[in-house]
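Here is a short briefing for a reader who is meeting this structure for the first time.

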Amino acid sequence: MKIKNNIIQILPFLILLSSCYPISVHHTKWRIKWDKEKKEGKEQYFSQSLKTFQTKSPNVVLIVCDDLGKYEVSAYGVDHIQTPHIDQLGREGVIFQEGYVTAPTCAPSRAGLMTGRVQNRYGFETQIMEFYPTNMIEYLSGKYIVKTDDWVLTTRPEYPSEWQVHKQGVPPTEINLAELLNGYGYHTGITGKWHLGASRHHLPWERGFDYQYGFNGAFSLYTPEREWNKVINYVHESFSTRYQWESGRYGEGAITENGKEIREEKYLTFAIRDKAIEFIRNSKDLDNPFFLYCAFSAPHVPFQAPVDYYCKYEHVEDENKRVYYAMISALDDAIGDLHHAIKEMGLEENTMIFLLSDNGGASYTGATDNGPLKGGKLTQFEGGINVPFMMKWKGHIPEGIRYEEPVLSTDIFTTVVQNVGAKLPADREYDGVNLLDYVNGKSDIPPHEQLFWRADHIWAIRDGNYKMILSTRDGWAELYDLKKDKSETINLKDQMPELFEALKEKHKEWQDKNLPPKPMWPRVMDHKFVLNGKEYLFPA
Ligand SMILES: [Ca+2]
């Protein structure tokens, strides 16, 4: 009797499933079209005779850490972990106290960083998706049957068809920093994570890099399985990280050198460091300057730490945090070695060095809570977008100062272009300033009047000390005074309704003026966060 009742209860669901199959979830509206005008503009930019250098322009080293929270760096005043080498880089240049990225997730943030333009301008709104549900059965089982923890499938099953997925990435009509500098004769190299598209239109060796080492997707194992006796693994009990351990070094996680898969045994953070130093050594005596994009994958999941680093954190009882801190220490040492090599090769005065994280700490791993900052990776609260950010250029910018006004990752592109004797392409809008004007005190106004973020239903704007953040879909809306309340705890929306409306209007104007009608592709999931007792869903 009980079995019969159960069948009757699930019968409507079974009928729904069978009636849906094979109803497609593919929708033609998600066809990616690249901008023809931008394509022509790009061709025109590179067809001019770009300047050939009389004297050698400065080298550029851009160091990116992956998911490294600001409050995991001791230069920002924490003592649960020491990062002496990252701190030293900042001390020998400028530490930005209010450094922002253009998105709280890896791929969109890196797109903004590398193109100097807030990536929403070209429809790069959320993470690159490797796959979508292909029919209603997959969609419904993902929504109701498969255990997805805090990841929640979005409500409208309209996805791009499979062949469109390969077009996801920075469109070939955009000009990334490597392409631009390469056009001016720079020798260019990437060591580490790419994550800006995996088709032939997007890969580093097609997009301005003379040398490539690393992987093309979102993550890779730090150490291949055959070397696991040398590391301590921490496997999170989560729907998404299980997939990461299973993917290992296959597909987009494979380690390649100039596009050819290689067998890398070394701990990945150290391998990325060694290839970076080797690239500099091979470039330093060339007639032309070099650009190194050193994109570490640490401390992104999967959590794997070398045994000797793990042993340094014996006092940390929480195993998750212990492995995480050990990974950050290894990263800090690798950055120290790279910095030391630049000094040792006598390149310090002629090399601009930037360091930042692509987004805040991933609080959903449980290894970090981003200290006083609210939320973390995936959220547009300060924990997701306010990151460690430093610059050093010996003899050209002051040493040992902290710059307090908000700066944006896109400033790096403009700063580089304007200080190497190149010029910005005139056919497109840039979102950066020349940071030298500000850190050298030539300009005493803030570099940016406003900063804007958008990811699907989330809008955020920082204007002076105030920040507005809302969800157009879920209806919540908040206003904070970051000067008094950096932790975003006191919502001023009801006390200051006029300011709230004005910021909302500014955001809308920015979107109407600058953004395409829809992103290049949709996302699949939201992630649930409970912050100060309130539940939020952020696009993942
Ligand atoms: Ca990241």
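Helix H13 is followed by Gly421, whose phi is positive, near 85°; helices (H or I, at least four residues) and strands (E, at least two) are DSSP runs, numbered from the N terminus. This is a predicted model, in which local features need pLDDT of at least 70 and side-chain atom pairs count only at pLDDT 80 or more, while totals for chains, interfaces and linings use all residues. Residues are numbered from 1 along each chain as its sequence is written.

**Helix H13**
- In H13 (residues 411–419), the buried residues are Asp411, Ile412, Phe413, Thr415, Val416 and Val417, where buried means that 20 or more other C-beta atoms, placed from the backbone, lie within 10 Å of the residue's own.
- These buried residues pack against several elements, among them strand E1 (59–65), helix H4 (106–115) and helix H14 (435–439).

**Nonpolar core**
- Cys294 and Met327 touch the most other members of the largest nonpolar core, which has 133 residues; such a core is a set of buried Ala, Val, Leu, Ile, Met, Phe, Trp, Tyr and Cys residues joined through C-beta atoms within 7 Å.
- Helix H11 (residues 319–344) gives this core its largest share, twelve residues.
- Beyond its neighbours within four places in sequence, Cys294 is in contact with residues including Val61, Ile272 and Leu338, contact being C-beta atoms, placed from the backbone, within 7 Å.

**Confidence**
- The protein chain has a mean pLDDT of 93, with 95% of its residues at 70 or more; pLDDT is the predictor's confidence in each residue, from 0 to 100.
- Residues 14–21 have pLDDT below 50.

Definitions and conventions. A residue is buried if 20 or more other C-beta atoms lie within 10 Å of its own, exposed if 12 or fewer, and partly exposed in between; C-beta atoms are placed from the backbone. Two residues are in contact if their C-beta atoms, placed from the backbone, lie within 7 Å.
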